Structure formats: structure tokens, C-alpha cells
Amino acid sequence: MTTSAIIDDEGWMRQALTLAESVMYITAPNPRVACLIVRDGQVLAQGATQVAGGPHAEVMALRQAAERGLDVAGATIYVTLEPCSHYGRTPPCVDAVIAARPARVVVAMYDPNPLVGGRGIAKLRAAGIPVATQVCTPEALAINPGFVARMTRKTPWVWLKLAASLDGRIALSNGESQWITGPAARADGHHWRARSCVMLTGSGTVKADDPQLNVRHVETARPPIKAIIDTRLEIDENARIFDGSKVWVFASHSNPAKAARLADRNAEVVEMPACGQRVDLPSIMRWLGERDINEVHVEAGSILSGALLQAQCVDELLLYTAPVLLGEGLGMVRLDALSSLAQAQRFEFTDVQSVSPDLRVRARHIERWKHLLQAVQPRDVR
């Protein structure tokens, strides 16, 4: 393939990825996928995956082409994820693509779902349709890390949101923390709440701040489920978080009477095994994965944040840094002392954005991101 053709493929795929971002809040537990149908440098049709049970991106694009009276035979189809090859809530998309008789198909990344796993691409090639792969793969993965994590390791992708001063304080020594960052940063954080499947906090944060933990600055038809880690089930039943929306409370102590009262407020108490003095955090992540949770957004105090990091449950850091120095106060996370730098968890910076007057810094866990990238690479299908 010529260099100019590769550049064209990347350009069209980036346009498809932008379209995939437009359905960021609605597709879970399905991945966010988009499809472009292009011929002679023109987009004939496009589509993105709809709510679970609704049509996938390829079907949406082919429907739009049909509505416009366009024959897409001989066109190039760009899709941000390998077309599915199995019957789920909808028929296999790969069959619809084959029936459309495109000249070629360009795929950003392989589908890590064991029911697909290269079979969609293999079926296209068996039908005589050339397929180009690995076009803008890291960018495509960044839109769907939770789906890939759940498919490969059976747990969601977890990011930890922190709002801190330049000297790493999330609150004063007396506990005052509202507000270290400005309104723009707080509003920006609601985008991350909205794209998540679950918002997770601890009972200490509920007691100290009485948060609503809802999405207010972003329109979403699929608000995330709220979740609280409350080892001893001591939470105030009148806390604002119990507003009638669905809440999961993870505890390792049983209190059937209190659980029944919370159930009346649409809160389910989930008893989990203990690990030392708290709920076993990896068990919670496995439980969430079993319930098709792709992404978890954590807003918690330094104790729970540190515990999640030490339990290897955090994949990404979302840090809002304010241009202020607070001196003595509460640190971002409470971690055990290390005896060697080799024991440190390593993250890599991926993005820095100004949300004036603050900065938003993102950092991914290096090894866990590499694991996901490997999972969406080409493979032999047997």
C-alpha cells in the first residue's frame, strides 16, 4: 500500500473515532464503535453503535446509505472495531458488511471478545474482501479500555480521580476541601462520571462530604450506578447518595435489617469477603466484571484511594491540580512505605489539559495498558 493510501486510511479512521466518541455515554456494556463508508474521497454514509440491544455501527451506516439510495459496492468501509461474527442481542455485523460487497474494509483493532477474536476479519477475507488492520489502534483502544479490560481480564478499567494542590494536598488538616479546584475542573470531572458505568466512593467520603455523586454538567440517558465501599455497613441511611437511583453498597459485615431498609431506597447491599480490616477490593472488581461493568470512576478519600492502588485495582489516574499551595494537610493517597524504588507502580503521562485555572493530568498504568494493546493485536484464528 502506498504512503498516501496509509495516510488516507488514518485520516478516515480518525474521523470514525471522533464519531465513536459521540456515543461515549450510551453504548455500555457494548463498546463505542463507529463506521464510515467512503468512496472517491467522499463519505457515503456513517453510523455509530446505539444503546445495548440496538443496531451496531456497521448496520447504522448501511441503513443510512440505503435511505439515501446509495449502492456501497466497491466502497471502503472504515470501522473502529472488528465487525462482530456472532449472534448476541443482534445478528452478526460481518454478514451485513459482506452482503454490501465493499472493495475493502479497514479495521482499527481486533475485537477481544472470545466470541469474535479475529473471526470477523477471517470471514471477510474468506469472502474475498481485503482487510487492513491496526489503523489508529491506540486511539481506538483509548475509547474502549473498559470493554477490552472486561473481555480479557474479567475486570473493568478503573480510573482514580484526584483533585489536589500543587503540593499534593486534597484537604486541609481540619478536613476542609471544598473547593481546591475551580468550577471548570469540577464540571470537566462530570464528563468522566458520565462515561463510566459505576461511580465508586467510600463510606468515609459519604460521611465527610455527603455527596450526591450524580452527573450534573453532562447530559446522559444512562447515568452510572453509584457504589460505596462500607466494610462494616455503618453508612447513614439518610445520606444524599440514596436518592432513589441505583446504589451498590459493598460490605463484609451482615446487617439484614439495615440491608432491607436500604433496599427500599433502591440500594443493594452486596456482601463481599474481607481482606484484613476491609472489604477485599479485587473481589469487588471481579464482581463488577461479572455484571458487565466496563469502566469505574473512583472519587474517594486518601485511605480508600491508597488501598485501591496497593491492591493493584487502579489503571489510570485523573488528576486535577490547582495552582495553590496548602502546606500541612491531607495527602492524595495513603500508601505503605516502600523499601525499594523497584516496588513502585509505574504510570505514564498521556494527556495534560488546561481547565483554567487548573490542569487536568492523565496517567495510565504502563503494564496494564500494554496488556490491553496486546489483546487487540492481530492473531491467528483456529
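In this predicted model, strand β4 (residues 104-107) is joined to β5 by 2 bridges, and the two run parallel. Helices here are DSSP runs of H or I with at least four residues, strands are E runs of at least two, and both are numbered from the N terminus. Strands count as paired if DSSP finds at least two bridges between them. V106 sits opposite A132 of β5. Zooming out, 5 strands make up an open sheet ordered β2-β1-β3-β4-β5, with mixed pairing. Its edges are β2 (42-48) and β5 (131-132), each of which pairs on one side only. Helix α2 (residues 57-67) lies across β1 (34-39), β2 and β3 (76-79), and runs at about 135° to β2.

A word on conventions: residues are numbered from 1 along each chain as its sequence is written. Local features need pLDDT of at least 70, side-chain atom pairs count only at pLDDT 80 or more, totals for chains, interfaces and linings use all residues, and side-chain values use heavy atoms, leaving out hydrogens and water.

Next comes strand β14. All 5 of the 5 residues of β14 (residues 295-299) are buried, so the strand is largely enclosed by the rest of the structure; buried means under 20% relative accessible area, with exposed over 50% and partly exposed in between (1.4 Å probe, protein chains only). E295, H297 and E299 point one way, V296 and V298 the other. In a regular strand, side chains alternate between the two faces of the sheet. Strand β6 (residues 157-165) runs parallel to β14 and is joined to it by 5 bridges, with W157 opposite E295. Strand β8 (residues 198-202) is also parallel to β14, through 3 bridges, and here M199 faces H297.

Helix α10 (residues 281-290) is mostly covered too, with 7 of its 10 residues buried: L281, S283, I284, M285, W287, L288 and G289. After α10 comes D292, whose phi is positive, near 60°.

As for helix packing, α6 (residues 145-153) and α12 (residues 366-375) pack at about 80° with axes 10 Å apart. Axes are lines fitted to C-alpha atoms, for helices over the stretch in contact, and angles run from 0 to 180 degrees between N-to-C directions. The pair is therefore roughly perpendicular (65 to 115 degrees; under 35 is roughly parallel, over 145 roughly antiparallel, the rest oblique). P145, V148, A149, T152 and R153 of α6 meet R368, W369, H371, L372 and A375 of α12, contact meaning heavy atoms within 4.5 Å.
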